[in-house]
Amino acid sequence: MDRYAVIGNPIAHSKSPEIHAAFARQTGQDISYERILGPIGGFDGAVMQFLRGGGKGMNVTLPFKLAAFEIASSASERAIAARAANFLRFDGEEIHCDNTDGIGLVNDIEQALGFVLTGTRALLVGAGGAAQGVVLPLLHAGVATLTISNRTEEKAHALVAMIAHAAPDAKQRLQARALPKLAGTRFDIVINATSSGLNNEAPALPPGVYAPGSLAYDMVYGKGATPFLQHAMAQGAARCSGGLGMLVEQAAESFFLWRGVRPETKPVLQTLRQQLGEPG
Ligand code: ATR
């Protein structure tokens, strides 16, 4: 039986073990998947211990996504662009990293929610690690423009510069804008990649950003609508979604990269929604 794990701190809340157990049952793969509490300052040691104990790969969550990128000896294009990884695969002592968060977001938006990204005007709010991971996949999905806006404006500019360096072809579709300067500019999709919800707050978006038919997407999930989604509904967003689907889709991409089999995400997402008491 091949061993996998998710490492983070804290980790007790992680739904990844049950998601991967469901994928394994569904696809007949003989794997185990456990939770590992990574010591702060002791990430590398914990990874090497799991690898030397026969582990085949790991998912990585907060606060270790940067450290995961740094420990790897090889990285995918999307991990390089994000400079962060949520996926590790071991081959002997070699560690390969990838970032499946962005494709998880895109798959949830396009496949599960049926919202076509091609040609849309997209707004990404936030410029931290979570935002970093999704910029390139959103550009690859064909958005017409991607505006990055952040409470601390310089960080939005720095993220745009970093992605423009990694993907020069996408440069002309990318821009950074201060939150107040968004007033009156309409977007077809607004994605919240800030951690503001953890403090029960919403980012200070000015009125008028939601175009008719627009989707508001919060990468964080929780019971009920997050402060960002409540604000979006009040401001006229046509559709709202939390990030539970993204969690399941990034897991499916990880499972596929490890096992070469693509699991069905719909039934797994349905079960999680029922557990959280969310409408299916
Ligand atoms: P993560 O890895 O979750 O992205 P992070 O790198 O610490 O965490 O980044 C947190 C992001 O949430 C940042 O974009 C932060 O904005 P600042 O750069 O201005 O700090 C954003 N954020 C956190 N709380 C916020 C709030 N109440 N309103 C708006 N943005 C907030």
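Strands β1 (residues 2-8) and β3 (residues 55-60) run parallel and are joined by five bridges. Strands here are DSSP runs of E with at least two residues, helices are runs of H or I with at least four residues, and both are numbered from the N terminus. Two strands pair if DSSP finds at least two bridges between them.

This is a predicted model, in which local features need pLDDT of at least 70 and side-chain atom pairs count only at pLDDT 80 or more, while totals for chains, interfaces and linings use all residues. Residues are numbered from 1 along each chain as its sequence is written, and side-chain values use heavy atoms, with hydrogens and water left out.

An open sheet of six strands has the order β2-β1-β3-β5-β6-β4, and its pairing is mixed. Its edge strands, β2 (31-37) and β4 (74-75), each pair on one side only.

A216 of β11 is the bridge partner of V190 and stands opposite C240 in β12. From β11 the chain crosses through helix α9 (residues 227-234) to β12, and this β-α-β crossover is right-handed (with the strands pointing away from the viewer, the path from the first strand over the helix to the second runs clockwise). Seven of the nine residues of β11 are buried, where buried means under 20% relative accessible area, exposed over 50%, and partly exposed in between (1.4 Å probe, protein chains only).

D101 lies in helix α5 (residues 101-112). Why does D101 count as buried? Because its relative accessibility is 10%, D101 falls in that class. The side chain of D101 makes polar contacts with the side chains of K65 (2.8 Å) and N86 (3.2 Å). A polar contact is a pair of N or O atoms within 3.5 Å; within protein, one must be able to donate a hydrogen and the other to accept it, and residues adjacent in sequence count only if both atoms are side-chain atoms.

The ligand has 14 residues around it, and N150, R151, T152, K155 and E201 come nearest (near means a heavy atom within 4 Å).

| Residue | Part of residue | Distance |
|---|---|---|
| A127 | backbone N or O atom | 3.0 Å |
| K155 | side-chain N or O atom | 2.8 Å |
| S195 | polar backbone atom | 3.1 Å |

The protein covers 77% of the 640 Å² of accessible area that the ligand has on its own (Shrake-Rupley method, 1.4 Å probe; for residues, only the protein chains shown count as cover).
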